[in-house]
Amino acid sequence: LDSLAITKTGPESYENLKVGQEILTFNVTKDVLEWQPIKNLHFFENAPLVQLGKATGFQVKCTPNHKWVVKNGDGYHTTKLLETKDINKHMQIVTCAALENESSVTLNEWSKKDSWVEKILAMSKKEREIFLASAIVYDGHDKGVSTKILNRHSFGFSQKNEDHFYATILAAFLNGYHVTFANKAPDMLTASIIRNKKTHNTQNLIIKDADSEDVWCPETDNNTWVMIQNGFITITGNSAYANAWAAKCYKSKGGKWKKVAEDITHNALKTLNESVYNSDLYGLIKNRTK
């Protein structure tokens, strides 16, 4: 449930999304990012999970039926959606692409008090590239040796302001850069940004069982969306929960499937013990998740 989708105003959690709201998706045929409306929001309790991991910045949890965009075949020329359980050692998982959009930003009206994330999401690809180059100069560092920004391969970036930080890493991701990030200190966010790394080879991919958890996934016409999870931004597939077989399978394991969450806050709160219900913490959680 801590996975985020990217809306036109920035990253959003499940409870803040609505059917019809546009989120960032991936067009498998055109190999580009696109804005598409959410058709449905799927929520499932106590879903069996697996963990996918590589040493190169790919660390996520998902269900065995969750789909990924993969390249396989001769020269990895075939691109398709494939369930996690069907991934083998001879594929590449597509994790990033570029958003080819026209600019809708009026730069002379941009105040430093505005949401930088919203401005970045409305910029053209060229504008984002210029913004990213300046951001690396003032708050980042080049991990390579080239003096030309377009020839550089890997960057580090640090920022205390959360809005400015997300604006920079989204500028990178929307232009096709591989992005991972973390809290290296209590008041400092840091990111690793890599150019020309759009896929992860599955040769050394480790897939192992993880604990069951409540999960969610949006449904779009592209059958994909862009997910932020565990400090990693990646293209991923739509939910399998619209599939009747998947719903039946998970129900047999003690979970419950529904097309749209009924009351996620109530379901989460009812698991707290009686002492927490009577404490100030209950009030804080209840007000925060309304």
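Which residue in β4 is the bridge partner of phenylalanine 26? It's leucine 33. Keep in mind that this is a predicted model, where local features need pLDDT of at least 70, side-chain atom pairs count only at pLDDT 80 or more, and totals for chains, interfaces and linings use all residues. Residues are numbered from 1 along each chain as its sequence is written, and side-chain values use heavy atoms, with hydrogens and water left out.

**Confidence**

- The protein chain has a mean pLDDT of 82, with 79% of its residues at 70 or more; pLDDT is the predictor's confidence in each residue, from 0 to 100.

- Strand β3 covers residues 22–27 and pairs with β4 in the antiparallel sense over six bridges. Strands here are DSSP runs of E with at least two residues, helices are runs of H or I with at least four, and both are numbered from the N terminus; two strands pair if DSSP finds at least two bridges between them.
- Strand β4 (residues 32–37) has five of its six residues buried, so it is largely enclosed by the rest of the structure. The cut-offs are under 20% relative accessible area for buried, over 50% for exposed, and partly exposed in between (1.4 Å probe, protein chains only).
- Four residues sit between β3 and β4 in the hairpin.
- Aspartate 31 is in that turn, with a positive phi of about 60°, and it is partly exposed at a relative accessible area of 40%.

**Another positive phi**

- Asparagine 46 has a phi near 55°, again a positive value in a residue other than glycine.
- For background, most residues other than glycine have a negative phi.

**Salt bridges**

- A search of the whole structure turns up 10 salt bridges, each being a side-chain nitrogen of Lys or Arg within 4 Å of a carboxyl oxygen of Asp or Glu.
- One of them joins the side chains of glutamate 22 and lysine 8, at 2.8 Å from N to O. Glutamate 22 belongs to strand β3 and lysine 8 to the loop between β1 (4–7) and β2 (10–12), so the pair ties together parts that are 14 residues apart in sequence.
- Both partners are partly exposed: glutamate 22 has 30% relative accessibility, and lysine 8 has a relative accessible area of 43%.
- Lysine 125 and glutamate 100 form another salt bridge, their closest N and O atoms being 3.4 Å apart. This pair links distant parts of the chain, with lysine 125 in helix α2 (residues 125–139) and glutamate 100 in the loop between β9 (92–94) and α1 (116–122), 25 residues apart.
- Lysine 125 counts as partly exposed at 33% relative accessibility, whereas glutamate 100 is exposed at 53%.
- Aspartate 114 also pairs with lysine 119, with 3.8 Å between the closest N and O atoms; aspartate 114 is partly exposed, with a relative accessible area of 27%.
- Glu83, Lys85 and Asp86 are linked in a salt-bridge network.

**Isoleucine 228**

- Isoleucine 228 lies in strand β16 (residues 224–229) and is buried, with a relative accessible area of 4%.
- Isoleucine 228 and alanine 5 are 223 residues apart in sequence, yet their C-alpha atoms are 6.4 Å apart in space.
- Leaving out neighbours within four places in sequence, isoleucine 228 has contacts that include Asp2, Leu4, Pro11, Tyr166 and Phe181.

**Histidine 66**

- You'll find histidine 66 in the loop between β6 (59–62) and β7 (67–72), and it is buried at a relative accessible area of 8%.
- The side chain of histidine 66 reaches the backbone oxygen of glycine 237 at 3.3 Å.
- Not counting residues up to four places away in sequence, histidine 66 touches several residues, among them Leu82, Glu83, Cys217, Trp225 and Gly237.

Technical notes:
Contact means heavy atoms within 4.5 Å. A polar contact is a pair of N or O atoms within 3.5 Å; within protein, one must be able to donate a hydrogen and the other to accept it, and residues adjacent in sequence count only if both atoms are side-chain atoms.
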